[in-house]
Amino acid sequence: MRLILLGPPGAGKGTQAQRLVERYGIVQLSTGDMLRAAVAAGTPVGRKAKDIMDRGELVPDDVVVAIVSDRVDQQDAKAGFILDGFPRTVPQAEALDRMLAERRMPLDLVLALEVPEKTLVERLSARGRPDDDCETILERFRQFNSLTQPVLDYYGRRGILRRIDGDAPPDEVFNRVRRAVDEAMASNSP
Ligand code: AP5
């Protein structure tokens, strides 16, 4: 199973991805986590990404695409993966299509978590990651609305997008996620 989790900042992508890992035994590929690890390690990618992430903007497409491309080639991604926070722009989605077509690894499902903005602000303010201050949260929402919403339309046209109401406790949201994944697995199996 290869699936994408999309949604605005604080929608619960990381939270639901963890539950999917436990349930289906596939790996979580979070570009946010990979970039934060690169920043913490002070790698060239991390040095390039740090200020951009601190401002709540998106890291350049070529940087993120290269990271994901390396990651999907690792052994633990062969059985399937959950992309968390990628793709976030239409050029990233197009690059992912090319990457997966070359490897004959078709996508099974794209899940879009939908949560009202007021709830997102409450969740992120309570968490307190370095990019969770008020001004940066608003910039991350702006980036999502202008650059990532078109990605939802992109997958909507492909017929593999499922919208999930993410405005409920995590376990309840996971029941909805699990149903969508099980349905996709049943309809994709020969
Ligand atoms: P990234 O790490 O992907 O951050 P994000 O999209 O802003 O998402 P968050 O991690 O804030 O939220 P989430 O949806 O995962 O929710 P979570 O489960 O954590 O990206 C960070 C930065 O990296 C970007 O701004 C950009 O600069 C860069 N970047 C990353 N990917 C990129 C890409 N592809 N291209 C370019 N740049 C990229 O939950 C949030 C909080 O809510 C937690 O405290 C959680 O406990 C709580 N919570 C979750 N679900 C619920 C629930 N159902 N009820 C109550 N609380 C909940």
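Reply: The model is predicted: local features need pLDDT of at least 70, side-chain atom pairs count only at pLDDT 80 or more, and totals for chains, interfaces and linings use all residues. Residues are numbered from 1 along each chain as its sequence is written, and side-chain values use heavy atoms, without hydrogens and water.

Me: At what angle do H4 and helix H5 pack, and how far apart are their axes?

Reply: Axes are lines fitted to C-alpha atoms, for helices over the stretch in contact, and angles run from 0 to 180 degrees between N-to-C directions. Helices are DSSP runs (H or I, at least four residues), numbered from the N terminus. H4 and H5 (residues 90–102) pack at about 30°, with axes 10 Å apart.

Me: Which residues of H4 and H5 meet?

Reply: Contact means heavy atoms within 4.5 Å. Asp61, Val64, Val65, Val68, Ser69 and Val72 in H4 meet Pro91, Gln92, Ala95 and Met99 in H5.

Me: How do H2 and H4 pack?

Reply: Helix H2 (residues 31–41) packs against H4 (residues 61–72) at about 105°, with the axes 11 Å apart. That makes H2 roughly perpendicular to H4 (65 to 115 degrees). Thr31, Met34 and Leu35 in H2 meet Val64, Ile67, Val68 and Arg71 in H4.

Me: What does valine 59 contact, leaving aside neighbours within four places in sequence?

Reply: Valine 59 is in contact with Leu35, Ala49, Ile52, Met53, Val64 and Gln92.

How values were computed:
Helix = DSSP H or I, 4+ residues; strand = E, 2+ residues; numbered from the N terminus. Parallel < 35°, antiparallel > 145°, perpendicular 65-115°, else oblique.
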